[in-house]
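User: Hey, could you walk me through this one? I'm new to reading structures.
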Amino acid sequence: MRKLIYILLIVWSSLGCLGTEKLVDGSGSFLYTMPSREITDTIQVFYHIPANRDRSTMPVIIGFHGNDRNCDYWIDTWKEYADKDGFMFFIPWFTHESFPTRRYQEVGMKDDGGNILPPKYRTTALVDSLINNILVNSGTQDTAATIYGHSAGGQFVHRFMLLNDSPFVKKAIIGNPGWFTFPTKDEDYSYGIKDIDEIQADQLRKMVGKNIILQLAEGDTLRESFLRKTYQADLQGLNRLERGNNFFETLKSMAEKNNWDFNWQRVYVPNVGHDAVEMSRHAAEYLIDD
């Protein structure tokens with residue numbers, strides 16, 4: 001069934017609204033609607049493509065913004081590195097109105113009533129379709145992209161990788177999430193997976209074996225107003241740095257206990273707090289290339 005879903009995504013994406021004629025060199029944007037009766041959202045996608053370069057050799061980097069939903073400074077930051085290092089950068093805009101926390105940070109796993117939605121109705125399906133559409137129509141020869149998310153975007157990326165065995169992502173970088181979905185049956189989603197029957201051992205084994213970097217700022221230790229402070233979140237740690245460390249150690253212990261390959265890396269960024277620009281610069285400078 002999962003293979004059938006991905007085959008359909010490939011077909012749908014190739015029929016989507018993005019065409020190479022719309023992707024001019026430099027910075028721009030386009031609208032993307034997943035060609036599906038289940039998800040009808042239209043999202044705006046901003047991008048930067050270096051001028052006068054061979055697109056066929058360019059890798060694709062896709063960013064996921066924080067809860068401020070601001071894409072402008074992401075483009076301003078990443079285009080410097082795109083021009084210097086020769087990659088294409090894309091960032092979809094998930095507005096508060098269409099993508100509240102339930103649909104963005106929590107990837108649309110549940111509806112407004114707390115009921116588990118089938119995979120085809122989740123934001124993960126929309127993003128898989130978008131990533132493949134970009135790969136097919138941007139001119140690159142790459143068949144998979146690198147994705148990077150910070151803060152709310154880091155929440156999206158880590159749950160996307162947990163819940164969705166995407167063939168269109170070769171590397172994921174997760175920066176400073178506010179809280180995590182731990183692989184535990186002690187808590188319901190989005191803190192744990194107690195109520196998510198589909199996440200079995202094989203899915204967890206695949207997830208810890210993927211090329212994923214957890215990027216943590218050493219100074220992200222403040223309990224500011226927009227940090228989630230629920231009882232369940234505070235069990236993970238009292239700040240983002242503690243929560244990230246506890247999450248990483250939990251995954252590592254789970255992999256060791258089950259004798260699974262563990263390919264995650266944990267990277268600390270010194271002298272930085274909860275700062276999307278500085279974390280993006282660090283990711284672009286040190287973490288994008290293998």
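User: Which residues does arginine 69 touch, not counting residues up to four places away in sequence?
Analyst: Arginine 69 touches Trp93, Phe94, Thr95, His96, Phe99, Pro100, Thr101, Tyr104 and Gln105; touching means heavy atoms within 4.5 Å. Keep in mind that this is a predicted model, where local features need pLDDT of at least 70, side-chain atom pairs count only at pLDDT 80 or more, and totals for chains, interfaces and linings use all residues. Residues are numbered from 1 along each chain as its sequence is written, and side-chain values use heavy atoms, with hydrogens and water left out.

User: Where does arginine 69 lie?
Analyst: In the loop between S3 and helix H2 (72-85). Helices (H or I, at least four residues) and strands (E, at least two) are DSSP runs, numbered from the N terminus.

User: And is arginine 69 buried or exposed?
Analyst: Arginine 69 is buried, meaning under 20% relative accessible area with a 1.4 Å probe, protein chains only. Arginine 69 has no salt bridge (a side-chain nitrogen of Lys or Arg within 4 Å of a carboxyl oxygen of Asp or Glu).

User: What's the nearest side chain of opposite charge, then?
Analyst: Aspartate 68, 6.8 Å away. Lys and Arg count as positive, Asp and Glu as negative, while His and the chain ends are not counted.

User: Switching topic: in what order do the strands of the sheet come?
Analyst: The open sheet has 8 strands, ordered S1-S2-S4-S3-S5-S6-S7-S8, with mixed pairing. Two strands pair if DSSP finds at least two bridges between them.

User: Which strands are at the edges?
Analyst: S1 (26-33) and S8 (265-269), each pairing on one side only.

User: How do S1 and S2 run?
Analyst: Antiparallel, joined by 8 bridges. Leucine 31, for one, has glutamine 44 in S2 as its bridge partner.

Notes: Buried means under 20% relative accessible area, exposed over 50%, partly exposed in between (1.4 Å probe, protein chains only).
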